[in-house]
Amino acid sequence: MPKQKTHSGAKKRFKVTGSGKIMKQQAGMRHNLEVKSAKRKARLNQDQVLAPADAKVIKKMLGK
């Protein structure tokens, strides 16, 4: 049987924690940053846990 390949796009965008949760970067930190408040940018700059329904699909893409 051939091995399952890891999805190249998914491995660049998601990280798996030790407990098995999938982490992602919050959207909204790419442009127009001078308009956004420091408080908002600090919130957007934190990694977030992926929703369980999406996590199932991403885990399969990552081969976990």
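Start by selecting glutamine 26: leaving out neighbours within four places in sequence, glutamine 26 is in contact (heavy atoms within 4.5 Å) with Leu44, Gln46 and Gln48. What you have open is a predicted model, where local features need pLDDT of at least 70, side-chain atom pairs count only at pLDDT 80 or more, and totals for chains, interfaces and linings use all residues. Residues are numbered from 1 along each chain as its sequence is written, and side-chain values use heavy atoms, with hydrogens and water left out.

Stay on glutamine 26 and show side chains. A polar contact of 3.2 Å links the side chains of glutamine 26 and glutamine 48. (A polar contact is a pair of N or O atoms within 3.5 Å; within protein, one must be able to donate a hydrogen and the other to accept it, and residues adjacent in sequence count only if both atoms are side-chain atoms.) Glutamine 26 lies in the loop between strand E2 (22–25) and helix H2 (38–44). Helices (H or I, at least four residues) and strands (E, at least two) are DSSP runs, numbered from the N terminus.

Now walk along that loop to lysine 36, also between E2 and H2. Buried or exposed, and with or without a salt bridge? Lysine 36 is buried yet has no salt bridge, and the nearest side chain of opposite charge, glutamate 34, is 9.2 Å away. Here buried means under 20% relative accessible area (1.4 Å probe, protein chains only), and a salt bridge needs a side-chain nitrogen of Lys or Arg within 4 Å of a carboxyl oxygen of Asp or Glu. For charge, Lys and Arg count as positive and Asp and Glu as negative, while His and the chain ends are not counted. Follow the side chain of lysine 36 to the backbone oxygen of glycine 28, at 2.8 Å.

Next, switch to cartoon for the sheet. Three strands make an open, antiparallel sheet in the order E1-E2-E3; pairing takes at least two DSSP bridges between two strands. Finally, select methionine 23, and look opposite for valine 49 in E3.

Terms used
Buried < 20%, exposed > 50% of the residue type's maximum accessible area, 1.4 Å probe, protein only.
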